[in-house]
Amino acid sequence: MKVRRAAAETPAVRWTLTAIGVGFLIFFLGLPLIAVFVEAFRSGWAPYWEALQEKDTLHAVGLTVLVAVVVLPFNIAFGVAAAWAIAKFEFWGKSLLTTLIDLPFAVSPVVAGLLFILIFGANGWMGPLLQSHDIKIIFALPGMIIATLFITFPYIARELIPLMQAQGREEEEAAVSLGATGFQMFWRVTLPNIKWGLLYGVILANARAMGEFGAVSVVSGHIRGETNTLPLHVEILYNEYNSVGAFAAASVLALLALVTLIAKTIVEWRMAKETEMLNAALPTEKTAS
Amino acid sequence: MNRSLLSAVLLAAGLSLAPVAQAQTSLLNVSYDVARDVFKDYNPKFVAAYKARTGETVEVKQSHAGSTKQVRAVADGLEADVVTMNQATDIMFLAEKGLVAADWTKKFPNDAAPYTSTMVFIVRKGNPKAIKDWNDLIKSGTSIIIPHPKNTGNGRWTYLAAWGNALKQPGGNDKSAAAYLSAFFKNTPLFAPGGRDATTTFIQRGQGDVLVTFESEAELIAREFGRGGFEVVYPPQSILTELPVAIVDKVVDKRGTRKQAQAYLEYLWSKDGQTNAAENYLRPRDAEVFKKYADRFPAVKTFTVDETFGGWAKATEAHFKDGGSFDQIYQVK
Amino acid sequence: MKSNRPHRVLPGFNLSLGYALVYLSLLVLIPLGGLIAKSAELSLAEFWTLATSQRSMASYRITFGTSLLAASINAVFGLIVAWVLVRYEFPGRRFFDALVDLPFALPTAVAGITLTTLYANTGWLGQYIEGQWGFKIAFTPWGIVVALTFVTMPFVVRTVQPVIEDIEAEVEEAAATLGATRWQTFWRVLLPGVFPALLTGFALAFSRAIGEFGSVIFIAGNIPLVSEITPLLIIAKLEQYDLIGATVLAVVMLVISFVLLLSINLLQWWAANRHRSEARELDPGSTGNPANTQGAAA
């Protein structure tokens with residue numbers, strides 16, 4: 001897949017590094033993952049399968065996916081816009097803006113939920129107004145979407161900013177000076193360059209959106225079969241002494257994380273194909289990726 | 001990314017959300033964490049009985065999470081028709097906010113607590129540390145697992161049980177009770193974040209020698225983890241944990257569900273309701289039902305929060321507020 | 001505000017910045033402003049007393065200390081993991097690559113419960129660590145570090161990974177041709193290029209760790225002054241219906257995080273600019289890879 005590099009590490013270094021990296025991953029990620037599945041299958045296949053087919057669990061899966069699907073486009077648009085402004089232009093207050101984008105990371109999820117209660121709750125600023133019009137935001141779907149937007153807000157932007165900085169602006173400048181419109185430049189130059197970063201960002205934001213517990217827990221109201229997302233449902237099952245159900249639901253979320261594997265493989269495969277086609281079309285020109 | 005995948009996902013999400021949009025009278029019962037089993041059994045019984053009596057079909061929805069967190073949600077606009085909690089402070093907060101009638105304890109019998117429980121000890125099989133009474137807990141080398149005394153309802157009950165017992169010893173006073181708890185906390189290696197996690201820590205992770213928890217929890221623990229590994233020890237004296245219920249007036253008036261909500265809570269005191277509580281190892285108020293299930297509920301001398309601490313408001317103020325007795329124990333001199 | 005440097009040939013500055021600012025204000029600034037306004041209901045003296053109580057101070061120390069440690073662990077190992085995942089082929093590489101996102105998808109409570117089970121003195125790992133070396137992890141501050149390392153692991157790996165993927169082979173080859181050892185190439189050429197992303201990842205991991213609650217409370221033990229994190233104190237306040245007290249602690253955390261993040265971002269900025277200008281000085285033609293530009297623009 002990768003071009004063999006002229007300047008590469010010696011095999012000894014390579015093996016050591018691989019061992020350290022993989023060891024770290026196994027120790028910190030692999031074992032917990034195995035533990036989740038061990039717990040989920042503690043009573044065998046049948047209870048696991050049964051737990052997953054419970055009506056409330058299925059509903060929670062649907063709601064979790066729905067929230068993520070609504071949240072992602074907003075944060076993709078924001079992430080690309082913010083990264084474009086920050087990475088390609090110099091302006092006053094840039095570090096401040098970057099820091100403000102980071103801020104939701106540092107806000108404890110519990111506090112994040114609280115923020116929106118302060119605004120939309122019955123005793124919040126907008127509470128009386130919302131109640132007089134009988135609009136439900138908190139303890140209903142909109143509140144959960146807003147809380148998830150807040151929690152996943154920085155991911156895509158933060159993924160793209162260092163990448164676009166490292167790439168500089170020469171390529172886009174060249175495209176524009178060659179007469180490309182803004183849209184063409186973005187579509188043909190910027191997007192292909194940032195696709196990896198964007199993909200990582202989307203995967204992370206998606207994982208986080210689906211796995212978020214603290215903030216959503218504050219604004220959801222926990223109504224069974226109605227406003228319970230999968231992470232909330234996991235907690236409820238656990239508190240109901242239903243270990244198998246809880247870890248079965250958790251294993252679904254863990255599997256969602258592994259969806260990355262499929263997404264990345266597909267993208268890689270397509271890119272390889274594109275490159276091939278490009279190579280065939282332009283035999284003399286050296287291709288980018 | 002992939003359009004057909006996206007639409008499939010949306011479709012799946014839409015399908016699974018669809019059944020929610022049914023229009024019929026529904027009640028939302030906002031409750032604490034481990035009450036699910038009680039109401040999972042109770043709700044169908046009530047729905048059937050109510051239908052038989054009035055011909056009306058009611059749907060009951062459940063919401064469960066930490067008691068105080070749930071009550072805060074109700075105060076912030078979660079539209080609960082009824083609240084069924086594990087301590088009176090939580091409903092008092094709603095009364096303060098004007099959502100529940102100020103005299104809510106008078107609206108139903110028994111101070112609006114249809115069933116009770118008590119705090120018991122769970123020890124390892126054979127009771128190797130010979131734990132029989134509260135004083136055995138503070139012996140050196142005994143390790144106690146409890147949930148966080150300030151952050152969980154379960155933990156607060158434990159704290160008050162320990163304090164009340166010390167108070168009721170011959171010559172007991174606030175000072176001796178504080179000394180007892182100080183010794184008690186020397187033996188707690190950790191505070192679990194919730195009642196359920198305290199159980200897991202004790203049973204599955206094998207931490208500690210004794211777990212202090214609700215009597216009703218012991219049965220749930222036996223169902224999940226098997227009966228072989230532990231024993232339940234009843235201390236001679238413990239606290240009577242009253243589990244109160246109330247109608248959220250503001251919500252039922254707005255939604256026009258007062259009649260149904262009233263019937264829902266009243267039914268808790270019926271023979272059916274009381275039997276259901278007993279089946280779930282909660283001590284029923286009804287003497288007849290209690291007698292029938294007497295073998296489940298060994299005799300314990302109990303004291304209440306009202307008589308020992310002058311009510312929950314005072315107990316909270318003295319022990320759990322910032323700077324209260326719990327905080328004083330954890331002050332560096 | 002507006003700089004009129006010649007490179008402003010690129011379009012979309014006003015649009016992108018404007019959109020970003022509006023979105024940022026609506027979703028982040030206004031709510032956080034509301035939080036600060038809420039805490040302003042107290043006098044400064046009252047605020048100070050609440051914010052600097054013994055319990056609060058101890059919890060800041062624990063929260064920020066363990067977060068710093070976890071972020072540092074992730075900076076070192078995350079860089080290695082990212083490098084290994086991008087540069088080397090080995091069996092299961094794709095699987096491990098996917099595994100990196102696990103901490104985000106797994107609800108934090110599940111992570112906490114699972115890690116506690118692993119690291120308690122009866123767990124798979126804990127029984128050896130405690131049995132062999134007498135070192136307690138679960139229910140001590142070390143447990144907090146473990147949980148935070150787990151929860152924030154994806155940040156460093158995923159910010160560094162695209163940058164490593166983007167490094168042009170020519171740069172390393174050039175360095176090698178000029179007689180640099182592999183170590184020199186890494187230290188002088190590769191690391192400065194990766195450094196801004198590494199700092200970003202560190203900052204993100206650090207800030208996420210500060211706010212983390214769900215996974216930590218299970219493994220921490222939650223003993224006041226010893227293993228009690230600030231978010232837990234916030235919950236304690238809320239459990240007493242003390243909304244103001246909770247907002248005070250939230251505001252303190254927010255201000256400290258903001259200052260730390262701002263410093264890291266300024267440092268990162270400085271590092272990025274230095275690296276860029278150095279690269280330009282060394283070889284004006286090598287940056288930007290003209291072949292690439294033409295290929296894409298054509």
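A salt bridge, as the term is used in these legends, is a side-chain nitrogen of Lys or Arg within 4 Å of a carboxyl oxygen of Asp or Glu. This is a predicted model, in which local features need pLDDT of at least 70 and side-chain atom pairs count only at pLDDT 80 or more, while totals for chains, interfaces and linings use all residues. Residues are numbered from 1 along each chain as its sequence is written, chains are lettered from A and ligands numbered from 1 in the order in which they are written, and side-chain values use heavy atoms, with hydrogens and water left out.

**View 1. Chain A on its own.** Chain A has 12 helices and zero strands, where helices (H or I, at least four residues) and strands (E, at least two) are DSSP runs, numbered from the N terminus. The C-alpha atoms of chain A fill a box of roughly 65 × 50 × 35 Å along the principal axes. Within this chain, A:R224 and A:E54 form a salt bridge, with their closest N and O atoms 3.8 Å apart. Because A:R224 lies in the loop between α10 (214–220) and α11 (230–239) of chain A, and A:E54 in the loop between α2 (45–52) and α3 (55–88) of chain A, the pair ties together parts that are 170 residues apart in sequence. Over all chains, the structure holds 35 salt bridges.

**View 2. The interface of chain C and chain A.** Contact, meaning heavy atoms within 4.5 Å, takes 116 residues from chain C and 114 residues from chain A. The area buried between chain C and chain A is about 10,800 Å², of which carbon and sulfur atoms give 75%; buried area is the accessible area (1.4 Å probe) that two parts lose on being put together, summed over both. Across this interface of chain C and chain A the rule finds zero salt bridges, and seven residue pairs are in polar contact, both residues being at pLDDT 80 or more. A polar contact is a pair of N or O atoms within 3.5 Å; within protein, one must be able to donate a hydrogen and the other to accept it, and residues adjacent in sequence count only if both atoms are side-chain atoms. On the side of chain C that touches chain A, helix α1 (residues 13–39) of chain C gives the most, with 16 residues. That side of chain C divides by class into 73 nonpolar, 23 polar and 20 charged residues, where Ala, Val, Leu, Ile, Met, Phe, Trp, Tyr, Cys and Pro count as nonpolar, Asp, Glu, Lys and Arg as charged, and the others, Gly among them, as polar.

**View 3. Helix α1 of chain A against helix α8 of chain C.** The axes of helix α1 (residues 11–40) of chain A and helix α8 (residues 141–166) of chain C come within 11 Å and cross at roughly 90°; axes are lines fitted to C-alpha atoms, for helices over the stretch in contact, and angles run from 0 to 180 degrees between N-to-C directions. From α1(A) the contact is made by A:F24, A:L25, A:F28, A:L29 and A:P32, and from α8(C) by C:V146, C:T149, C:F150 and C:M153. These residues of the contact of α1(A) with α8(C) divide into eight nonpolar, one polar and no charged.

**View 4. Helix α4 of chain A against helix α10 of chain C.** Helix α4 (residues 94–106) of chain A packs with helix α10 (residues 182–211) of chain C at an angle of about 40°, their axes being 7 Å apart, which makes α4(A) oblique to α10(C). Here A:D102, A:F105 and A:A106 meet C:L204, C:S207, C:R208, C:I210 and C:G211.

**View 5. The interface of chain C and chain B.** This contact takes 26 residues from chain C and 32 residues from chain B, and the buried area is about 2,300 Å², of which carbon and sulfur atoms give 51%. The rule finds three salt bridges across this interface, and one salt bridge joins the side chains of B:D327 and C:R55 (2.8 Å, N to O).

Definitions and conventions:
Angles under 35 degrees count as roughly parallel, over 145 as roughly antiparallel, 65 to 115 as roughly perpendicular and the rest as oblique.
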